[in-house]
There are 2 protein chains.
Amino acid sequence: MWKQNIMFLRQTYAFRNYQTVFKSLFNTTEVQWRIHKASFCSLRKYLDITSKVPTLFSTRRLHDQKELLNQGQYEQNCNTFTFRTHTCGELRPSHTGKKVTLCGWVQYHRLSKFLLLRDAYGLTQCIVSENSTLPNIPLETVVKIEGTLQLRPKDMINSNMPTGEVEVLIENLEVLNMVEKLPFNLRDYQKPKEQLRLQHRYIDLRFPEMQSNLRKRSHMLHNMRRFLVESHGFVEVETPTLFCRTPGGAREFVVPTRHSGLFYSLVQSPQQFKQMLMVGGVDRYFQVARCYRDETTRPDRQPEFTQLDIEMSFTNLDGLLSLMENLLYETFIKDLPKPPFRRMTYKDALENYGTDKPNLTYGLQFVNIKHLLGEKSTNPDFAAYALPYSSKLGRLTTKTKNTIRELTKKYQVKVVVNENISKEFGFELFDKIQINKEDSCIVSMGDNENACLCLGEIRELLASLLRSKDLLVVEDNVQPLWVVDFPLFVKGENGLETCHHPFTAPHPDDIHLLDSEPLKVRSLAYDIVMNGNEVGGGSVRIHNVELQEKILKMLNISPDSLSHFLNALKSGCPPHAGLALGIDRLVSLACNAESIREVIAFPKSHEGKDPLSGAPNVITEDDKAYYHINTVENV
Amino acid sequence: MWKQNIMFLRQTYAFRNYQTVFKSLFNTTEVQWRIHKASFCSLRKYLDITSKVPTLFSTRRLHDQKELLNQGQYEQNCNTFTFRTHTCGELRPSHTGKKVTLCGWVQYHRLSKFLLLRDAYGLTQCIVSENSTLPNIPLETVVKIEGTLQLRPKDMINSNMPTGEVEVLIENLEVLNMVEKLPFNLRDYQKPKEQLRLQHRYIDLRFPEMQSNLRKRSHMLHNMRRFLVESHGFVEVETPTLFCRTPGGAREFVVPTRHSGLFYSLVQSPQQFKQMLMVGGVDRYFQVARCYRDETTRPDRQPEFTQLDIEMSFTNLDGLLSLMENLLYETFIKDLPKPPFRRMTYKDALENYGTDKPNLTYGLQFVNIKHLLGEKSTNPDFAAYALPYSSKLGRLTTKTKNTIRELTKKYQVKVVVNENISKEFGFELFDKIQINKEDSCIVSMGDNENACLCLGEIRELLASLLRSKDLLVVEDNVQPLWVVDFPLFVKGENGLETCHHPFTAPHPDDIHLLDSEPLKVRSLAYDIVMNGNEVGGGSVRIHNVELQEKILKMLNISPDSLSHFLNALKSGCPPHAGLALGIDRLVSLACNAESIREVIAFPKSHEGKDPLSGAPNVITEDDKAYYHINTVENV
């Protein structure tokens, strides 16, 4: 029996798929998943749930789950303007006797009698009449089936499948397009390697997770637009992507033109445009904007990405944060806590979690032990933090210790692991810094910021170790957090550099320090962090031209490169603030996706390569001549 | 009195502005405008209407005008998350006694007592109390005003201004940002030259027409999204813009990468991606897509532009056209005739109007006179068409005749103007081809297609001459028209070229002619034309890989450059069709804008130059080295 179940399971979806789909369906975490798993008594159960997968496709689902914008369900009709009368997901006993036309892909057939037809909305069983047999067509062939809906015999009802009570008696089957052998199988969810999936993305998109992810993405963006346009009077304005270089930003792609030696730059964000819109009186702007950064060497980055870009006039930090909190609360697919969201200063984030994007779904908070360290405690540049954790984890493995050793080198700090604590500090100190007797502890000491950052990385390392042994309580929900009061400047190789971008307003309480102690000046920049991911960031902007010129000078940026922008500030620029949300990251959090590539229809793989078309490619000599360029080899 | 009125008028908006705004406000044409103009008895009247301009800003207006999607009005609040309590357009007598805070630009002040405050939503009069005076602040300064709303004295009420019954008694006025002298004046609408407007677009955007255009654009796109997502289950999918070269299309911008000699191409449309989405089961796709074409030498073109890109599986030509008709009928800002829209074959369009995008808001239809021309009528390559028009136009000027002479050279055909008709054909023929006695006539003869195209250009020339003398009845409404049955191929320099794109399906009735007479094969391509503008186009696509390979071969396109696409067609591709609407053109028609630049926030000027930032610019040697390119001078 068990073996039979396994076989049957293979014929539909594999266990691994069920696990992933289950999690996204019910928004469960690893922990909850284990509880559910334990409560099921047989593999057969998994299968039953699995056959519910197609309901995920229903675009109405988001609105069932959460009455977004109090609009209730849409009265969508997915069959208008097509050959079909119904999708493969919607037929029910109430349709019995109806002539129906379905179109889709052959998911499965058996005994030349039964056929399971799939489209983006679900699966429907189709059968031929007693004296007929099905033609021998390859799986994934595209067919149109005309027939009459009938009830299944009682013992054939699959009550866990939305269309499980009915079947279509085939009267006409038309092959719309044959298939050749596919590079991977769609029935068994033995997920192929990512490279193969991306190379044949047009097949990979048929998997239920990809269908669900793309539809969730479309819905979340649509609901964000409804919130902004319909409830709050925002205007979506499209701004150019072919522009001039932004000084002091990330590396920007260049685009040669037919004017010899002249290039556009692809914008890394609509920053300058949206600020100029504020000057132009478009006081509530947003855009779902395509942005470009040539950062293809960094993992999990795309050369082009999408951000929800927002800017508002006559507001301040609190106003902007409140807007975003309400937007996310109303439109994020998963439940979020009611606004206002928690806020934390950059300083507190660093000194308690060792990062500017702390994951607050678990504890593991630092304890400042500097005051316990005698003489050293008077050194203003010295810091010492302890990180207590469950001693049930036991001694750290050699591998873990090696990783920690590398971190101490990277940050040039000293780290003391649990077993060396008493040796290093004496038993008394060990006693004082323990939160409770069951905890072990790691200490990081050294230069202020580095001591924190090093312990921050160790915190994440420990969290994953503790999690793998069920020794860490991890909250289920998404925990949004504002990180505020970032420094305005950081020390760069050639003097001051901007921490956010050159248009960020200094904190009004620190503005008197601009000349004397610029590195102590906080800014009005803010990041929104979800479970350890920075999903957006923004700032109150400088609207005074003298202040802007001063900041540019401090950053050693020539005002000539921004003369148009400075002129705009002189022409009646209102106070304004804004933010950009990283949609790829935000949707991947909402979909529990492992990578942003899972929520992008056609992503590039590492190094910005497109496995589908092979782009980037060589271009013709004619194109090079037209654009007055030559390829040169550099060392 | 008259002089005073003129003066006062100058202080608000000039006459020219009123005319334009009036037209867009009431969707009138030139003709209607003249009627309205005549019905007004004094210049003062113009002014009163002008003060209504701010209602244009109300984002609710579109929904007042046309109950789009039967949703009624949104309950928008444009003040949330800001300092202000109200916009400058919404205060009414019912607010009397309320403490209000307004933010905006100083539009006008008088006698150090009155101040007219403007924001994107309207104008509100603010006054200081008896013993106070206003500070002397430059116009266009950004201020925040706190005060109490009071009724204006009865004799001061301006009943034509939405806020004309009330005024704000200023209790506190805070200057938020001072301005320097602006390059052009915003109070008098003496429209500056376009170059100056584009160079200071951040000021130009404050003009009511630009505000109205951008808001109409945002609303139309939002309503299109609502129609597609909420009523018809479409999914918006974002596709890459960094891709590989599309063979046989327009010139594509190239983007060098850090891989020496390898380039992306910026997509000219998401064509391949949307077809691959169909293969992937995303059966109802749309995207408001940014597209790129390096056609900057053509007038009224932008290097980047927006299209509403749509594709649908399991449909045919009728299904797709019906979808688009309903979409446009529901969401186009002006009224359209009820679907179905008129259809015309490419052949009929050419033989009756001499163009594939005929303007049907006026008559001026060709008469085929070939059968009257004796011997020549037996020559299959010869064509002769007459164009009758009102003889009240009189003899054509030398300038017009010169233009016509150039057209005959361009098309290599013979054109006979009215006064030479009898000399050329004899009086009998002249008699026969006249529609009525009051008409004059022009004849074009020569090679089939060229005779039509030449007369088509003459038709447009005559229309504008007749219009300028009120001799042509021009329909008021937008007249949408489908042009269908385009040829699949055109004769190019090196053999067959595609008329639409290589993925267009041949007409099933002509498929037997593919080998024998390919130039006679019609395609399943279609264009949507509005008042002489092509606003969109699309086709039923080829879904059969053998047919696609055959067409590519006929077009001399190497299948290697499209191997990923051909593989997709082999992997279970459903029948599908699609279309792309040119949003810039569509919105400019809806806004009665003279150019697409009037509905784009930051357009490029001719030759793709950005007058604002000066882009394209020189780039650094570092950037060139990073991208392995060198600038070369070509002859």
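Me: By what turn can chain B be laid on chain A?
Reply: A quick note before that: this is a predicted model, where local features need pLDDT of at least 70, side-chain atom pairs count only at pLDDT 80 or more, and totals for chains, interfaces and linings use all residues. Residues count from 1 along each chain as written, chains are lettered from A and ligands numbered from 1 in written order, and side-chain values use heavy atoms, without hydrogens and water. Superposing by least squares on C-alpha atoms of residues with pLDDT of at least 70 in both copies, the RMSD is 0.1 Å and the shift along the axis 0.0 Å, with a turn of 180 degrees. The two copies are thus related as by a two-fold rotation axis.

Me: What share of the interface residues of chain B are also interface residues in chain A?
Reply: Contact here means heavy atoms within 4.5 Å. The copies meet through the same surface, because the share is 100%.

Me: How many helices and strands does chain A have?
Reply: These are DSSP runs numbered from the N terminus: helices are H or I with at least four residues, strands are E with at least two. On that basis chain A has 18 helices and 23 strands.

Me: What percentage of chain A is buried?
Reply: Buried means under 20% relative accessible area, exposed means over 50%, and partly exposed is in between (1.4 Å probe, protein chains only). Chain A has 635 residues, and the buried part is 60%.

Me: Is strand 20 of chain A largely enclosed or open?
Reply: Strand 20 covers residues 525-530. A:Ala525, A:Asp527 and A:Val529 point one way, A:Tyr526, A:Ile528 and A:Met530 the other, and all are buried. With 6 of the 6 residues buried, strand 20 is largely enclosed by the rest of the structure.

Me: Which strands of chain A are joined to strand 20 by bridges?
Reply: Strands pair if DSSP finds at least two bridges between them. One antiparallel partner, residues 480-484, has 5 bridges to strand 20, and A:Pro480 stands opposite A:Met530 there. The other, residues 533-540, is also antiparallel, with 6 bridges, and A:Tyr526 stands opposite A:Gly538.

Me: Which residue in the turn between strand 20 and strand 21 of chain A has a positive phi?
Reply: Most residues other than glycine have a negative phi. The two strands form a hairpin with 2 residues between them. The one with a phi of about 50 degrees, although not a glycine, is A:Asn531.

Me: Is B:Glu140 buried or exposed?
Reply: B:Glu140 sits in the loop between strand 3 and strand 4 of chain B, and has a positive phi of about 70 degrees without being a glycine. Its relative accessible area is 3%, so B:Glu140 is buried.

Me: Which residue caps the N-terminal end of helix 10 of chain B?
Reply: Helix 10 has 15 residues (317-331) and reaches 21 Å from its first C-alpha to its last, close to the 21 Å expected at 1.5 Å a residue; that expected span is 1.5 Å times one less than the number of residues. A side-chain oxygen lies 3.3 Å from the backbone nitrogen of B:Asp318, and it belongs to B:Asn316.

Methods. Polar contact = N/O pair within 3.5 Å; in protein donor to acceptor, adjacent residues only side chain to side chain.
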